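Try each task before reading its solution.

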Amino acid sequence: MATVLADPRLYAFIGGDPPTLEDLHARYLRQVAGRSPDGTQTWHNWIVRRSEDHRAIGTVQATIDDADGTVDIAWLIGTAWQGAGYGSEAARELVRWLRSQGLAAITAHIHPDNTRSARVAARAGLHPSDAFERGERIWRWSARPGPIS
């Protein structure tokens with residue numbers, strides 16, 4: 001994953017810098033716990049791999065708020081594999097799995113200029129809302145009836 005995440009262009013919209021091997025090691029040690037340090041969130045993190053050769057090409061993640069069952073999702077596909085449908089497929093499968101778990105409200109936070117991630121979100125069944133958080137538009141999928149806000 002260090003090679004996949006090494007391209008600085010990946011961070012144009014999400015901020016930050018490519019992680020070092022030490023950064024990734026520390027991140028994966030935290031993530032493998034499956035819970036936030038304060039115990040209020042459940043974490044699910046997967047490596048996205050190509051089916052033809054099982055090569056790691058990105059990640060998807062879901063953070064579930066244990067109090068209300070809301071879920072925030074994210075995906076990151078290495079620049080060499082962007083535009084080939086991997087992100088859309090991974091995000092669709094993630095949303096499908098979360099829905100099969102009975103989770104009723106799924107969100108993603110996407111920078112307004114990140115048109116590729118907006119397309120991925122739409123293909124996964126999420127819709128843009130009028131809400132913004134830290135400069136990112138909140139996209140939503142919800143089983144609950146009512147307007148998207």
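**Exercise 1.** Decide whether Trp46 is buried, partly exposed or exposed, and do likewise for Trp97.

*Solution.* This is a predicted model, and we start from the relative accessibility. For Trp46 the value is 34%. Buried needs under 20% and exposed needs over 50%, so Trp46 counts as partly exposed. Trp97 comes out at 31% relative accessibility, so Trp97 counts as partly exposed too.

**Exercise 2.** Find how many aromatic pairs there are, and work out the geometry of the pair formed by Trp46 and Trp97.

*Solution.* The count comes to one aromatic pair. In the pair of Trp46 and Trp97, the ring centres are 5.4 Å apart and the planes make an angle of 75°. Pairing requires centres within 6.5 Å, and an angle over 60 degrees is called edge-to-face; the pair is therefore edge-to-face. Now place the partners: Trp46 belongs to strand E1 (residues 41-49) and Trp97 to helix H2 (residues 86-100), so the pair ties together parts 51 residues apart in sequence.

**Exercise 3.** Describe the surroundings of Ser117.

*Solution.* First, locate Ser117 in helix H3 (residues 115-123). Next, its relative accessibility is 14%, so Ser117 counts as buried. Finally, leaving out residues up to four places away in sequence, Ser117 touches Trp75 and Ile110.

Key
Residues numbered from 1 in each chain as written. Predicted model: local features only at pLDDT ≥ 70, side-chain atom pairs only at ≥ 80, totals over all residues. Heavy atoms only, no water. Helix = DSSP H or I, 4+ residues; strand = E, 2+ residues; numbered from the N terminus. Buried < 20%, exposed > 50% of the residue type's maximum accessible area, 1.4 Å probe, protein only. Contact = heavy atoms within 4.5 Å. Phe/Tyr/Trp six-rings, centres within 6.5 Å; stacked < 30°, edge-to-face > 60°.
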